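Colleague: Please take a close look at one part of this for me, the contacts. Keep it brisk, and spell out the cut-offs.

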2 protein chains.
Amino acid sequence: MGKEHLGEFEELVLLLIVLLKDEAYGLALRHALKEHADRTVTIGAVHGTVNRLEKKGFIESNLGGASELRGGRRKRLFTITASGKKILEKSRDAKVTLWGKI
Amino acid sequence: MGKEHLGEFEELVLLLIVLLKDEAYGLALRHALKEHADRTVTIGAVHGTVNRLEKKGFIESNLGGASELRGGRRKRLFTITASGKKILEKSRDAKVTLWGKI
DNA sequence: ACAGTAGTTATATAAAGTATAACAAATACC
DNA sequence: GGTATTTGTTATACTTTATATAACTACTGT
């Protein structure tokens with residue numbers, strides 16, 4: 001059974017990928033971390049984490065179009081997988097249950 | 001402002017210290033991790049984590065009496081501090097808020 | 001073609017997570 | 001009273017997460 005755990009930052013990023021829907025890519029995630037979680041990190045921190053999440057099978061990525069504005073490389077868009085959803089819920093439930101006992 | 005974050009295992013241990021009240025020491029925590037969180041770890045893992053938590057000021061420890069049963073060294077009992085409580089609540093609220101937006 | 005902008009990859013280091021093994025102190029039993 | 005046994009903590013080492021800095025890639029406007 002599930003031997004894998006999400007680190008705390010991994011969990012946060014995974015939640016934000018869900019929240020951002022079809023606009024979940026590196027820089028947008030970095031921005032969302034600031035807005036929704038008051039977490040200021042560098043872009044390298046974000047990419048390192050999504051790479052790990054993808055390797056573990058919790059998210060998938062595919063290249064989207066380039067930016068609508070001027071300039072810019074193509075975006076790498078992330079979406080959560082079934083097992084990603086499962087582990088998010090599991091992690092939430094575990095904590096809710098514990099808080100309930102306190 | 002709070003620059004420190006709780007790792008996911010740190011948060012779990014901190015919650016269990018609250019739950020165990022005046023019986024929060026190494027081996028009891030290890031047992032509680034199994035019971036309440038289905039997490040099987042070695043005792044070294046637990047002690048490494050509480051040492052970090054104490055260094056960060058989220059818990060305090062003092063030596064309690066020895067075991068009531070036969071044998072045994074004195075227990076090192078842990079209690080959560082005010083800043084420990086604060087960070088636990090902060091971490092919980094942040095996640096609840098995010099889940100709310102999803 | 002060059003400068004600027006949007007984005008990702010590569011590399012390196014610190015912090016968190018975890019295990020194995022050693023040590024310490026108390027008790028029981030012969 | 002010494003030795004084996006139980007309860008517990010410390011020391012040490014290693015792996016995985018978390019994070020930063022810097023380099024690279026690709027597109028766009030002039």
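Modeller: In chain A, 45% of the contacts with a separation of 6 or more join residues 24 or more positions apart. Two residues are in contact if their C-beta atoms, placed from the backbone, lie within 7 Å. This is a predicted model: local features need pLDDT of at least 70, side-chain atom pairs count only at pLDDT 80 or more, and totals for chains, interfaces and linings use all residues. Residues are numbered from 1 along each chain as its sequence is written, while chains are lettered from A and ligands numbered from 1 in the order in which they are written.

Chain A has four helices and two strands. The order from the N terminus is α-α-α-β-β-α. The C-alpha atoms of chain A fill a box of roughly 55 × 30 × 20 Å along the principal axes.

Now the contacts between chains. 16 residues of chain A touch 16 residues of chain B. On the chain A side, α1 (8–20), α2 (26–37) and α4 (82–101) each supply at least two residues. That side divides into nine nonpolar, three polar and four charged residues. Ala, Val, Leu, Ile, Met, Phe, Trp, Tyr, Cys and Pro count as nonpolar, Asp, Glu, Lys and Arg as charged, and the others, Gly among them, as polar. The copies meet through the same surface, because 100% of the interface residues of chain A are also interface residues in chain B.

How are the copies related? A rotation of 180° with 0.0 Å of shift along its axis superposes chain A on chain B, with RMSD 0.0 Å. That is the relation of a two-fold axis. In chain A, E8(A) has the C-alpha nearest the axis, 2.4 Å from it.

From α1(B), the contact uses F9(B), E10(B), V13(B) and L14(B); from α3(B), V46(B), T49(B), V50(B), R52(B) and L53(B). By class, that contact has six nonpolar, one polar and two charged residues.

Terms used. Least-squares fit on C-alpha atoms with pLDDT ≥ 70 in both.
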